[in-house]
2 protein chains.
Amino acid sequence: MATMQRIQTTGLEVFYQKGYFNTSIDDILKELSLSKGAFYYHFQSKEEYFISIVQNLLFRKVYSSLIEPIEGQEDPLNKIVACFDDALETAEHNFLDYGFVLSNFITEFNGKNPDIMNYLQDILKVWEVNLVTALQKGKTDGYVDRHVDSEAVATYLISSYIGIRTLMVEGNSKMLRYKYIQQLRQYFKLIEHKEPA
Amino acid sequence: MATMQRIQTTGLEVFYQKGYFNTSIDDILKELSLSKGAFYYHFQSKEEYFISIVQNLLFRKVYSSLIEPIEGQEDPLNKIVACFDDALETAEHNFLDYGFVLSNFITEFNGKNPDIMNYLQDILKVWEVNLVTALQKGKTDGYVDRHVDSEAVATYLISSYIGIRTLMVEGNSKMLRYKYIQQLRQYFKLIEHKEPA
């Protein structure tokens with residue numbers, strides 16, 4: 001299992017840095033000091049290998065950093081702000097991930113591999129559904145304004161998050177995070193439940 | 001000049017579809033039915049060629065669709081909403097451009113070619129500066145709340161726009177545009193100048 005973990009982690013790094021289509025299995029074997037036989041014992045193809053990385057590493061990463069922290073929590077808006085802020089701070093210290101692995105791969109596979117695209121989009125869908133659920137629960141619990149369109153808010157949140165991660169590529173990520181979180185709070189002022197005056 | 005236009009337009013398409021690093025000059029010459037001699041008469045290298053595309057096509061495209069429509073206008077918030085809505089509608093009908101050419105290239109060149117990255121980021125900077133200028137003018141003219149942090153708003157706007165273009169890749173772009181614009185209007189409610197009660 002430790003080997004499998006290593007094979008996938010290294011694969012993610014190489015695919016992310018060089019791009020999926022620029023990377024050959026040989027590139028990865030070299031990086032891993034692994035024989036072709038050992039690799040093909042686990043995976044039938046580069047595509048199958050990549051999909052296993054998406055399902056294990058990519059999904060788990062998005063789940064643990066962006067979904068789990070708000071799942072089932074009271075006060076979803078404050079939880080979302082805290083969760084996005086944490087995730088952006090982690091990204092700040094991880095140069096590789098400035099651009100957000102998930103959206104980078106979506107960009108790379110667009111129009112090129114519908115199968116892999118489906119796996120990538122499934123992650124976005126799980127994220128979206130969980131945001132919608134959290135917002136709906138927030139309405140019931142009295143934290144979110146009842147007139148808010150939860151699906152539209154979820155889309156807007158995911159958009160802005162993907163975008164800020166792309167912008168962080170250009171450096172000064174600390175300042176970008178600060179500006180982003182400040183405006184996210186502003187935006188949430190209109191969405192939160194107001195006490196009757 | 002018509003030839004130059006064609007050489008650049010085709011180059012942009014091929015680089016965007018296949019990725020810069022996956023594309024050779026030969027691929028482009030084949031697409032253009034152009035001789036190596038004719039190509040190298042205009043450009044010394046693939047990099048120089050790409051930079052000319054960035055400066056001419058990419059910059060002009062961002063300028064005409066996202067900067068010019070709000071430049072010097074009264075009522076910047078409504079102008080920004082209309083401009084973003086128009087640009088997203090255009091993108092809807094242009095499959096190639098769902099993912100936003102500029103941010104796709106920023107993703108691709110991240111950590112790989114600092115020179116080209118600078119050219120790409122310059123476009124983002126011009127966009128940002130113009131948004132900040134429009135918002136500041138909006139304060140003076142009484143359309144934008146005086147306490148708003150124009151730079152943070154500009155960053156937030158650019159982030160969400162880049163993100164929604166990436167999401168549009170997954171299809172149902174009409175619905176995504178609708179949700180995005182709806183939430184953009186919500187957000188602007190907190191930024192607009194309020195009459196004293």
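Me: How many residues does the contact take from chain B and from chain A?

Reply: This is a predicted model, where local features need pLDDT of at least 70, side-chain atom pairs count only at pLDDT 80 or more, and totals for chains, interfaces and linings use all residues. Residues are numbered from 1 along each chain as its sequence is written, chains are lettered from A in the order in which they are written, and side-chain values use heavy atoms, without hydrogens and water. Contact means heavy atoms within 4.5 Å. The count is 45 residues from chain B and 45 residues from chain A.

Me: What area do chain B and chain A bury between them?

Reply: Buried area is the accessible area (1.4 Å probe) that two parts lose on being put together, summed over both. Carbon and sulfur atoms hold 62% of it. The total for chain B and chain A is about 3800 Å².

Me: Which residue forms a salt bridge with Lys179(A)?

Reply: A salt bridge is a side-chain nitrogen of Lys or Arg within 4 Å of a carboxyl oxygen of Asp or Glu. The count between chain B and chain A is four salt bridges. In the one with Lys179(A), the closest N and O atoms are 3.8 Å apart. The partner is Glu128(B).

Me: Which element gives the largest share of the side of chain B that touches chain A?

Reply: Helices are DSSP runs (H or I, at least four residues), numbered from the N terminus. Elements that give two or more residues to this side include helix H1 (2-18), helix H7 (114-140) and helix H8 (150-167) of chain B. The largest share is 13 residues. That share comes from H8(B).

Me: What relation superposes chain B on chain A?

Reply: Copies are superposed by least squares on the C-alpha atoms of residues with pLDDT of at least 70 in both. A rotation of 180° with 0.0 Å of shift along its axis superposes chain B on chain A, at RMSD 0.0 Å. That is therefore the relation of a two-fold axis.

Me: Where does UniProt place the feature "DNA-binding region" in chain A?

Reply: The UniProt entry is unreviewed, and such annotations may be inferred rather than shown by experiment. In the model, the span is 75% helix and 0% strand, with its end C-alpha atoms 14 Å apart. UniProt places the feature at residues 24-43.
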